[in-house]
Amino acid sequence: MIHEVEELFTRQLRAWPQLAKGVEGLARARTRPVRIDWFDIFIRHIPHRMASTTAPVDHESVAGRPCFLCAGNLPSEEEGLRFDEDFTIYCNPFPIVDRHLTIAHREHGSQRIANQFGNMLDIAAALDGYFVVYNGPECGASAPDHMHFQAGSRRLFPIEKDTAGLTGVTVPNYARQVFLLRGRDRSALIHRMDRAIELLAEATGKRPEPLVNIAVFHEAAEWVAYLFPRGKHRPAVFYTGELTVSPASIDLCGIFVVPLAQHFEKVTGDAIAAIFREVTLPDDQFQQVAAKLESEC
């Protein structure tokens, strides 16, 4: 599958000017690390992410625009690569990371992880050297009306290094709430993820789906999954205009996207840690769910 993806990128970079412009923009992006406690966050200035960062995702706004993931609405130059009978792989023209992909369902339907996590695991297993992410419809998905994943190269994927060797279900002192799920058994891992999401729904009262971001990669016959339970979509600084940032899965994995140059220059590690704590689940609810998950291991 990696060979086919590389060939897709080669063809699309020649045929699709918007993708070529996006890849060029990523190559020019400035990235600077900041240390927070024992880990690093990589702040990345990417002007072409402005539309996604500020995208209106309320029901009225979404209903009033054509779905940009439906095949009939794609640019004429855009080509997809069939993954299976349900999902098609596309090159993302507004990349955050190298080899940024969008993997969209063939049918138009709501962004929901229910009955889809197994597909996420299969995509991760097929894309060696990549991570795969899911953004919930109320916490990062700019197309909450169409089921999709994203993927990208793990050349820069800080959370993998941060959690190497950890075996517990949580990551202590990490400035953000995250559940860490590992496994070689696909069915068992799906069950654990489903159970974690159900516990979050019970704890928050948020149904049909609690606010979650998910990231997965596959290495040495094992899947590693990160489940970020959210307390809110965007931080207060977004609405005040102090910082134009809207964290989703990739940000929570350690690549913090800032589209405006002046905000890239001024944002600090302390500010990012405060944003992460604000948008992920409050600690009391997180610990309640963590205790139940650990007791069931």
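Colleague: Which residues does L260 touch, not counting residues up to four places away in sequence?
Modeller: This is a predicted model. L260 sits in the loop between β11 (255-258) and α10 (261-266). At 24% relative accessibility, L260 counts as partly exposed. Leaving out residues up to four places away in sequence, L260 touches H45, M50 and T244.

Colleague: How far apart in space are L260 and E296, C-alpha to C-alpha?
Modeller: E296 belongs to helix α12 (residues 283-296). In sequence, L260 and E296 are 36 residues apart. In space, C-alpha to C-alpha, the separation of L260 and E296 is 44 Å.

Colleague: Which side chain meets E296 in a salt bridge?
Modeller: E296 is partly exposed, with a relative accessible area of 42%. The salt bridge of E296 spans 3.0 Å, N to O, and its partner is R195. That pair links distant parts of the chain, 101 residues apart, with R195 in helix α7 (residues 186-204).

Colleague: Which parts does the salt bridge between E219 and R154 tie together, and how many residues apart are they in sequence?
Modeller: The closest N and O atoms of E219 and R154 are 2.9 Å apart. E219 lies in strand β9 (residues 212-219), R154 in the loop between β7 (148-153) and α6 (158-163). So the pair ties together parts whose separation in sequence is 65 residues.

Colleague: Which residues are linked with R154 in a network of salt bridges?
Modeller: A search of the whole structure finds 15 salt bridges. The one between E219 and R154 is among them. The network joins R154 with E160 and E219.

Colleague: What is the distance between the closest N and O atoms of K232 and E278?
Modeller: K232 is in the loop between β10 (222-229) and α8 (236-240), and E278 is in helix α11 (residues 269-279). The two are 46 residues apart. K232 counts as partly exposed at 31% relative accessibility, and E278 does at 29%. Their salt bridge has its closest N and O atoms at 2.7 Å.

Colleague: Which side chain of opposite charge is nearest to E78?
Modeller: E78 lies in the loop between α4 (59-63) and β3 (81-82). Leaving aside neighbours within four places in sequence, E78 is in contact with Q12, W16, Y90 and C91. E78 is buried yet has no salt bridge. A salt bridge needs the nitrogen and oxygen within 4 Å. The nearest side chain of opposite charge is 12 Å away: R49.

Colleague: At what angle do the axes of α1 and α2 cross?
Modeller: Helix α1 covers residues 2-15 and helix α2 residues 17-28. Their axes come within 6 Å. The two helices are roughly perpendicular to each other, crossing at roughly 105°.

Colleague: How many nonpolar residues does the contact of α1 with α2 have?
Modeller: From α1, F9, Q12, L13 and A15 take part. They meet P17, L19, A20 and V23 in α2. The contact has no charged residues and one polar residue; the nonpolar count is seven.

Colleague: Which residues in α5 are buried?
Modeller: Helix α5 (residues 117-126) is mostly covered. Seven of its 10 residues are buried. They are F117, G118, N119, M120, L121, I123 and A124.

Notes: Residues numbered from 1 in each chain as written. Predicted model: local features only at pLDDT ≥ 70, side-chain atom pairs only at ≥ 80, totals over all residues. Heavy atoms only, no water. Helix = DSSP H or I, 4+ residues; strand = E, 2+ residues; numbered from the N terminus. Buried < 20%, exposed > 50% of the residue type's maximum accessible area, 1.4 Å probe, protein only. Lys, Arg positive; Asp, Glu negative; His and termini not counted. Contact = heavy atoms within 4.5 Å. Axes fitted to C-alpha atoms, helices over the stretch in contact; angles between N-to-C directions. Parallel < 35°, antiparallel > 145°, perpendicular 65-115°, else oblique. Nonpolar A, V, L, I, M, F, W, Y, C, P; charged D, E, K, R; others polar.
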